[in-house]
Amino acid sequence: MSNPKRYRANPTHNRCLCWQCQSLDECWPDSGMPTRTAVARIKGGPLAPRIRGIVTFRDIPGGTEVSVDVSGLPAYRPAQGNKSPVGPHGFHLHENGSCEVGDPADPFTAAGSHWNPTNQPHGNHAGDFPVLFSNHGRAIMTFFTDKFQVADIIGKTVIIHENPDDYRSQPAGNSGKRLACGVIRWARHLSD
Ligand SMILES: [Cu+2]
């Protein structure tokens, strides 16, 4: 594996910006390939129609960098009695490649269960992500996971839930209804 500090990809131009190497080949000594990137365009369903955003997945040494930029999330509401708080929002990969709304009162069930290829308990699913913190509706986050590479998740879905993930309840962290959905597809690079 190469040293991750040796390069950085420019997401806009899909070009490798080296600061310690001489050429693009040197940026990617293992493959010689430019950065492999996929995106999911997120759209809110009937419970949160204002949600819009994009999730970007990028292969980096040892795993994948996931970047999220979402707006239009609902206002935070504290827990009341037995009702979970609204936000921070559970955020996962689900196994089916469909964002069909279906029942408007319980949308996006067509996306299926959590993507869990290694049959782990919830909290350690390959598709378990950190929760999304809304800042007056906006959430921006970047994190690393070594549980998949970009090619493994093409055709899966990204789901944003109404309630926080407790990373404990099975099978889905008790994160409530599905507010928004996006299918993951390869990004088209400007160099294609
Ligand atoms: Cu989920």
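The following legends accompany close-up views of a predicted model.

**View 1. Overall make-up of the chain and confidence of the model.** The chain contains one helix and nine strands, which follow one another along the sequence in the pattern β-β-α-β-β-β-β-β-β-β. Of its 192 residues, 34% count as buried. Among contacts with a separation of 6 or more, 59% are made by residues 24 or more positions apart. The mean pLDDT of the chain is 83, with 79% of the residues reaching 70 or more. Over residues 1-33, pLDDT stays under 50, and the model has 41 contacts beyond four places in sequence for this segment.

**View 2. The open sheet of seven strands.** The strands are arranged in the order β6-β8-β9-β3-β4-β5-β7, with antiparallel pairing. The edges of the sheet are formed by β6 and β7 (139-145), each of which pairs on one side only. On average, and with direction ignored, neighbouring strands of the sheet are turned by 20° against each other.

**View 3. Strand β3 and its two partners, β4 and β9.** The antiparallel pairing of β3 with β4 extends over seven bridges. Within it, valine 39 has threonine 56 of β4 as its bridge partner. The pairing of β3 with β9 is also antiparallel and comprises five bridges. Here glycine 44 stands opposite alanine 180 of β9.

View 4. Strands β6 and β8 run antiparallel and are joined by four bridges. Phenylalanine 91 stands opposite isoleucine 160 in β8. Both faces of β6 are covered: Phe91 and Leu93 are buried on one side, and His92 and His94 are buried on the other. Although β6 is an edge strand that pairs on one side only, these four side positions are therefore not exposed, since a residue counts as buried with 20 or more other C-beta atoms within 10 Å of its own.

**View 5. The largest nonpolar core.** This core has 31 residues, and those with the most contacts inside it are Ile42, Ile51, Val70 and Ile160. At least two core residues are supplied by each of the strands β3 (37-44), β4 (52-60), β5 (63-71), β6 (91-94), β8 (157-161) and β9 (178-186). The largest share, four residues, comes from β9.

**View 6. The surroundings of isoleucine 51.** Isoleucine 51 is among the core residues with the most contacts inside the core. With its neighbours within four places in sequence left aside, isoleucine 51 is in contact with Ile42, Lys43, Gly44, Val70, Gly72, Leu73, Ile160, Leu179 and Ala180. Three of these partners, Ile42, Val70 and Ile160, are likewise listed among the core residues with the most contacts.

**View 7. Lysine 83 in the loop between β5 and β6.** Lysine 83 is found in the loop that lies between these two strands. Lysine 83 is classed as exposed because 11 other C-beta atoms lie within 10 Å, where the limit for an exposed residue is 12 or fewer. The C-alpha atoms of lysine 83 and asparagine 163 are 9.5 Å apart in space, although the two residues are 80 residues apart in sequence.

Definitions and conventions. Residues are numbered from 1 along each chain as its sequence is written. This is a predicted model: local features need pLDDT of at least 70, side-chain atom pairs count only at pLDDT 80 or more; totals for chains, interfaces and linings use all residues. A nonpolar core is a set of buried Ala, Val, Leu, Ile, Met, Phe, Trp, Tyr and Cys residues joined through C-beta atoms within 7 Å. Two residues are in contact if their C-beta atoms, placed from the backbone, lie within 7 Å. Two strands pair if DSSP finds at least two bridges between them. Axes are lines fitted to C-alpha atoms, for helices over the stretch in contact, and angles run from 0 to 180 degrees between N-to-C directions. pLDDT is the predictor's confidence in each residue, from 0 to 100.
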